[in-house]
Amino acid sequence: MRAMVLSAPATPLRMQERDDPIPGDGEIRIKISACGVCRTDLHIVDSELPDIRYPVIPGHEIVGRIDLMGTGVTGYQIGDRVGVPWLGSTCGLCRYCRLGMENLCDRPSFTGYTRDGGFATHTIADARYTFGIGRTGDDVSIAPLLCAGLIGWRSLVMAGNAERLGIYGFGAAGHIVAQIALWQGRSVFAFTRTGDIAAQDFARQLGAVWAGASGRRPPEELDAAIIYAPVGELVPLALRAVRRGGRVVCAGIHMSDIPSFPYSLLWGERQLLSVANLTRQDGSDFFKIAPQAGIHLRTTTFPLDKANDAIAMLRAGELLGAAVLQP
């Protein structure tokens, strides 16, 4: 197999050849056809997440086909198309797992972070934490749904029944969630980096009623806002934009420090929430909704050996929609 490997903190990924991995009990080997590039991958490459054990293969928006199965795998056959998300496994025993909150498990593993991921030609996954994809849809368009879509869906649910929804950061997750929200009959207000006219135009093309720079106030008070950009300075801005009783949901795994802000921005029973990881139930719910919502993804594809280019463009905010690697 070939893989783009992160060998040390804040260094470029390097192509390596390795022996083909062998799945253990309950595991499957997947021949990868597409792997999305997520902002979490950027946080891993830039060493912004804790306890990274090197070397590691990033990537957790994986689509491929099973080419080898370990013992004890049920429900799958060789050749089945599957998706591998961020949540790689959970302990099933801790308090959170017993309460149905496996996204907060005490002893989880995460694809492309604590176990090798999808910036490769093959990967190993715990079969219980993968999703059967079926035959509908192309691999490149499905790949970003495995995190941008799933985390986007979880954050949208946490936003509640917001009629007027603000989306801060109109990238891979933002443009997916906007389409679901519009399908649900909500009004979408898109917030981008200052001067990012392309992203603002893109949001309007998808149906946003308003799009502008993150520092601007929307023309109406919002019922809720979701922050996908990892920028702590957006939290007070989003709180200022939502009505009394409104919610601000921080959807990223990493965010820069939130600056101090006057209590008056939180007062009025406004709520500030965070999203942590995902559950398998999120996947089950989302993959039922996605076809109904008619999601159309904007993707830019890169060959596997150009993973560093995709990461650089994501870091610079030069992508509309999602980046996807193809081995």
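Trainee: Which strand gives the most to the lining of the largest cavity?

Mentor: Some ground rules before that. This is a predicted model, where local features need pLDDT of at least 70, side-chain atom pairs count only at pLDDT 80 or more, and totals for chains, interfaces and linings use all residues. Residues are numbered from 1 along each chain as its sequence is written, and side-chain values use heavy atoms, leaving out hydrogens and water. Now, a cavity is a set of points, on a 1 Å grid over the protein atoms alone, where a 1.4 Å probe fits but cannot get out; lining residues have an atom within 4 Å of a point. Strands (E, at least two residues) and helices (H or I, at least four) are DSSP runs numbered from the N terminus. Here the answer is S8, with three residues.

Trainee: What else lines the largest cavity?

Mentor: Among the lining residues are Val84, Leu87, Thr111, Arg115 and Asp126. Strands S6 (87-89) and S8 (122-126) each give two or more residues. The space is about 30 Å³, a volume being what is filled by probe spheres set on the points, which are joined across faces, edges and corners.

Trainee: And how do I read a pocket? How much space lies in the largest pocket?

Mentor: A pocket is an open set of points with protein on both sides within 12 Å along at least five of seven lines. The largest pocket holds about 910 Å³. It has 46 lining residues, and the closest to its centre are Arg39, Gly171, Tyr228, Ala229 and Pro230. Helices H1 (39-45) and H4 (148-158) are among the elements giving two or more residues to that lining.

Trainee: How does the lining of the largest pocket divide by class?

Mentor: Ala, Val, Leu, Ile, Met, Phe, Trp, Tyr, Cys and Pro count as nonpolar, Asp, Glu, Lys and Arg as charged, and the others, Gly among them, as polar. For this lining that gives 26 nonpolar, 15 polar and five charged residues.

Trainee: Which residues lie nearest the centre of the second largest pocket?

Mentor: Those are Thr136, Ile142, Leu145, Ala290 and Pro291, out of 15 lining residues. This pocket's volume is about 370 Å³, and H8 supplies the largest share of its lining, three residues.

Trainee: Last one: how many bridges join S11 to S12?

Mentor: Strands pair if DSSP finds at least two bridges between them. S11 (residues 187-192) and S12 (residues 210-213) run parallel and have four, with Phe191 opposite Gly212 in S12. Together with H6 they make a right-handed β-α-β unit: with the strands pointing away from you, the path from the first strand over the helix to the second runs clockwise.
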